[in-house]
Amino acid sequence: MSVPTFRPRLLLVEDDPDLSQMLAELLDEEGYAVTAVRDGQAGLHRGLVDDWDVLVVDRGLPGIEGVDLVTRLRSRGLAAPVLFLTARGTVADRVEGLDAGAQDYVVKPFDVEEVLARLRALLRPVGGAANELAVGSRRLLVREQRLVGDGDEVMLSGREARLLETLARRPTRVFTRDELLATAFDHADTLGAVDTYVYYLRRKLGKSVIETVHGVGYRLGAS
């Protein structure tokens, strides 16, 4: 049985068909789950209806221009980091793109290895991963493997803590069982372990702590 791996979800918004195909194939080989669209309107729709780990956006897009696209996505709650990949490379262009809400800006023609390194940096937690994560009205103390708040304290097992941490670090994202197995469990575990530990956490913390999204997987619940 093959071991599942975590594949960051990447939305690529690029109108050049040859460049889009090349980037999509390259990023797929590098382990990203890529969705490619070729105009700003499609980028806005997909950016809002799905959960993303990172976006790569061209500026000169038909429909909705790239800076406007990122501005709209940010105003509607998109939190995923954005990398502009564009031919517009003046200082004013860079400032405008970063002010719109992008985290990074790469000018075409680009070096593939640099783009990959910048994407890895965008997905890396800044200053190390936080030890305290919000779980509804409570807090998960990651290193201590315990949940505190509401006048109570609950100790968690290592696997329970890793599973809850994975969900809490991206609270709006729906994780498939394969993704949770790859991030929160040992290679010897099977998909059934995910369901088992979801059950354990619900038994300890309440049924609403983890939400089931039928046909997809799990995400952090409201409490």
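Student: Which elements do the buried residues of α7 pack against?

Tutor: This is a predicted model, in which local features need pLDDT of at least 70 and side-chain atom pairs count only at pLDDT 80 or more, while totals for chains, interfaces and linings use all residues. Residues are numbered from 1 along each chain as its sequence is written, and side-chain values use heavy atoms, with hydrogens and water left out. Helices (H or I, at least four residues) and strands (E, at least two) are DSSP runs numbered from the N terminus, and buried means under 20% relative accessible area, exposed over 50% and partly exposed in between, with a 1.4 Å probe and protein chains only. In α7 the buried residues are E179, L180, L181 and A184, and, with contact meaning heavy atoms within 4.5 Å, their packing partners are β1 (9-13), α6, β10 (175-176), α8 and β12 (217-220).

Student: How are α7 and α8 oriented to each other?

Tutor: Axes are lines fitted to C-alpha atoms, for helices over the stretch in contact, and angles run from 0 to 180 degrees between N-to-C directions. Helix α7 (residues 177-184) and helix α8 (residues 191-205) pack with their axes 9 Å apart, at an angle of about 85°. Angles under 35 degrees count as roughly parallel, over 145 as roughly antiparallel, 65 to 115 as roughly perpendicular and the rest as oblique, and therefore α7 and α8 are roughly perpendicular.

Student: Which residue forms a salt bridge with D195, and where do the two lie?

Tutor: A salt bridge is a side-chain nitrogen of Lys or Arg within 4 Å of a carboxyl oxygen of Asp or Glu, and here the closest N and O atoms of D195 and its partner R177 are 2.8 Å apart. Since D195 lies in helix α8 and R177 in helix α7, the pair ties together parts that are 18 residues apart in sequence. D195 counts as partly exposed at 27% relative accessibility, and partly exposed, too, with a relative accessible area of 30%, is R177.

Student: Is E179 buried or exposed, and which residues are linked with it in a network of salt bridges?

Tutor: E179 is buried, as is R173, and these residues form a salt bridge whose closest N and O atoms are 2.7 Å apart. R170, which lies in the loop between α6 and β10, is partly exposed, with a relative accessible area of 29%, and it touches D53, L123 and F175 when residues up to four places away in sequence are not counted. The network of salt bridges links E179 with R9, D53, R170 and R173.

Student: Which side chain is joined to that of E160 by a polar contact?

Tutor: E160 is found in helix α6 (residues 158-169) and is buried, with a relative accessible area of 5%. Not counting residues up to four places away in sequence, E160 touches Y197, Y200, L201 and K204. A polar contact is a pair of N or O atoms within 3.5 Å, where within protein one must be able to donate a hydrogen and the other to accept it, and residues adjacent in sequence count only if both atoms are side-chain atoms; the one at 2.8 Å joins the side chain of E160 to that of K204.
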